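Hi,

Here's the structure I promised to pass on. Have a look at it first, then read my notes below.

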Amino acid sequence: MFGQFAPHLCSGAAGRGSDIVSDAQSLTGTGDAKPPTTARALFWRLVLLYNYGCTAAIVITFGLVAIGLEFTGWQWALFMMHVPFAVTIYTTIDVLIIKRHFAPVRDALNALDDDGPREVPVLAAGLARAINLPFLAFMRVTFIHGPMAALLVLVATLGTEPITHAGFSLWQGLAFAAMVLFFASPTHAIFEYFAVSRALLPSIMRLNESLGGAIPAAYQNQLIAVPLRNKLLYLAIFVTALPLVFFAVTMIFKIERMMNVRGVATALADMVPLYSWIVGVVLVCMAGSIIMALLTANEVSRSAKRLIGAMAQVESGQLDDIPIEVVTADEYADIFRGFQHMVDALREEQHILAISHELSGELQLDVLIARIMHAATELLNAERSTLFINDPKTGELYSLYAEGDEVREIRIPADRGIAGAAYLGGELENIPDAYADPRFDQSVDKRTGFVTRSILCVPISNKAGGRIGVAQVLNKRNGPFTEKDEARLRAFSAQIAMSLENARLFDDVLSIKNYNESILQSTSNGIVTLDVDNMVVTANDAALKLLGVAREQLVGKPARAVFAGANAWVGLSLERTLQTGKVSLAVDAEIAAAGGEPATVNLTTAPLIDAAAKTIGSMLVLEDITREKRVRSTMARYMSKEVADQLLASGEEALVGKDQLVSVLFSDVRGFTSLAEAASARETVAMLNEYFTEMVDVIFANGGILDKYIGDAMMALFGAPFTSPDDAAHAVSAANQMMVALGHLNIRRAAKGGKPLDIGLGISTGDVVVGNIGSDKRMEYTVIGDSVNLASRLEGANKFYGTKILFSEFTMAHLAAPPLVREIDMVRVKGKDQPVRIYETLVWREGETGLEAMLDAYAKGRAAFGSRDWLAAASAFEAAAKAMPDDVPSALHLDRARQFSLAPPVSDWDGVWTLPGK
């Protein structure tokens, strides 16, 4: 019997991976799950459950044995001596099998507990085995544990009888073994199946979650599916049929034994009626239980098959014809009713989606509103519906379409009626009796002749949360509006809001498009846009005029074809911009026009970027500077390029003569005559060009302009034509940087065998006259004033003081916190009666050894010199000269202090020195 039953019990397992049995599914979704546990704890829990089952089976079996097998005290004593050995044998075998079955689950749980990578095959195999483990426990108890226990009982009774002579009868041993096999073993199997299922539930859920909620397809064929029919057959056979057969056999045997013990002799013919009755009752009960199991299984399977078929139709999207009528009064009737509600909801959702799709494809506002009205009426099974939109100008709600009315537009104040209440309050209004509500405005009904019974009204809000209108549905045909209708209209109102926003956005886009096109046509610069394939998309009139082509010759054409020949450089600029994504500039470039003279343009090639920062093409901006170039070329004959550029930007008024605060810088090359005499004319020009290039770059970098070259000297202006608060600081910074640049230049000259250059710089700041100065035929933009003369004199004074950069007290007054600056002297320059305090900047020498010590001692010397403490001054200047032996100002002041210590000046001497010559 077991050999025939086992294949049926396991049928439908391998090869049907997706058909997971209902009880395995319930393990992953329902039940009172305990918190996840470790693999070790779970294993010992399974062993403990096995022992619970064994204990229950032993108690039941021993109870029946004590009642019916007539064991003597000696037989019980001898049998109980064998129990520990028998239990140890089959328990050891069972635990080893449990450990083997549990191994994949253990590996999967350990993988989850470890911090290392989680391999899907290990987790999937563990989950499949965890789902199968209850069935494997059931099979183990039924086909290994039960027969082994029955065999051990026979050995402990009949097998030891020749040795123990305990008086065990054949019927006692066979009955004992039969009780173990047919009573204890099925009880144990059923207990362990459900207990193991419950114990594994948390681990199954944990593994299921780690795999994302599904077993990989490759592992689904490992699942063992147990049909409900086989479960019911097992219960019918092992819980009902076999116990009845055992009961019938033992009943007949007991009756015969009782009669024989009491010496009552009965003929077989006398006992046939009783035996026939027992056998008949057993057979009827067995047949009834098996037939009932099969009928129940067939009915459940038939209902489940109907439900599975209907679910397949739902999955395929066929919602119109799903046969799921309720024909029973059991649990499946409730399931069918719930499934039908779900299908109805899906049909409604499908209908809403279809309506939403239709609405989203319409951008014309009038047509959209008409479709909205019809869809709302159809969706809620109402008589008519209206969409009110807020008019912020009038403070009214208006409808461009009212379904079923000849009146095409209804206007109501935004604070009146049910629609006004929903709009202002922002809450849904469901009115079952409109005329019973005092807020209802009956004037519309009187004007249209329509009788309103029930109203469902929902405010419509845009994505920013602002209310833009109200959706109103009137007179539901089959009773009042329900909560389900409210949910539908809320969902539908969101689609209405989106559709209205899209329609308005479309209008806005059209307006912006027209506006942008107007801007493009109005701008004087030529603009050409291209897509990612370098095909021309748009071109304004200015671009067409510059290129000398018609629109159809440009738009839709590839850039290589449009910009060919002399204009091929434009195509290369476009390709470079598309590759790099960077803006490309071309200044004073010539672009050829078809059939016309070339134009001079400033070309900007820029990538076009969308809102997602993705390149969608490129754009050319052509600034026609033909006339400007001609003007600049003319102006360059009598003024510098910088002045010409600013004049073009600011207009001619910027060059009109005016008083202005300017910092003037003079520089001169020391010993230039000797250098020129020692070199050829070509070498002299090359030397000056190299020198002027370095120096002018520094001046420009600090915001200055070059006024003029005077042989080997230069004059630069800081603050003309336009002033800034930092002009003086820029002039001093430029002087320091010129000395640094000169050092680098001399290193390069030395590497070529050239002699080093030496320069002196003078700076002064003050009000000068700035403007165009000269004759009508030849003019020069320059400055005149005392500051110009003073700067020139200070440049020459460097020779006397052995310095490189001198600037006046007027420049010093405009420096915020000048670093490494020292006062040189109070002097009276040639051509100027008023004495001037002069300073030296040493930033260009920063970092030299002894510089800070020298400056500190020098400052003390100047302070002592000013207070006529000649000895202290001489000591300080001597320390300064010692810190930097090559410092000429320290040596000069030391000599003065020593002379004055021997022959002090007159008491009214003002400390001013008059410089000799320039």
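**What I found**

Strands here are DSSP runs of E with at least two residues, helices are runs of H or I with at least four, and both are numbered from the N terminus. Before going on, note that this is a predicted model, where local features need pLDDT of at least 70 and side-chain atom pairs count only at pLDDT 80 or more, while totals for chains, interfaces and linings use all residues. Residues are numbered from 1 along each chain as its sequence is written, and side-chain values use heavy atoms, leaving out hydrogens and water.

**Around strand S1**

S2 (residues 396-399) runs antiparallel to S1, joined to it by 3 bridges; two strands count as paired if DSSP finds at least two bridges between them. Is S1 (residues 382-391) mostly covered or mostly open? Mostly covered: 9 of its 10 residues are buried, where buried means under 20% relative accessible area, exposed means over 50% and partly exposed is in between (1.4 Å probe, protein chains only).

**An open sheet**

Five strands, in the order S8-S7-S11-S10-S9, form an open sheet with antiparallel pairing. Its edge strands, S8 (536-539) and S9 (584-591), each pair on one side only. S10 (residues 599-609) and S11 (residues 615-624) are linked by 9 bridges, and Leu603 has Leu622 in S11 as its bridge partner.

**The helices and the core**

Arg140 belongs to helix H5 (residues 120-159), and it is buried, with a relative accessible area of 3%. Leaving out residues up to four places away in sequence, Arg140 touches Tyr50, Asp94, Ile97, Ile98, His145 and Glu192; a contact means heavy atoms within 4.5 Å.

Which residues touch the most other members of the largest nonpolar core? They are Leu69 and Phe176, in a core of 57 residues. Such a core is a set of buried Ala, Val, Leu, Ile, Met, Phe, Trp, Tyr and Cys residues joined through side-chain atoms within 4.5 Å. H5 gives this core its largest share, 15 residues.

Cheers
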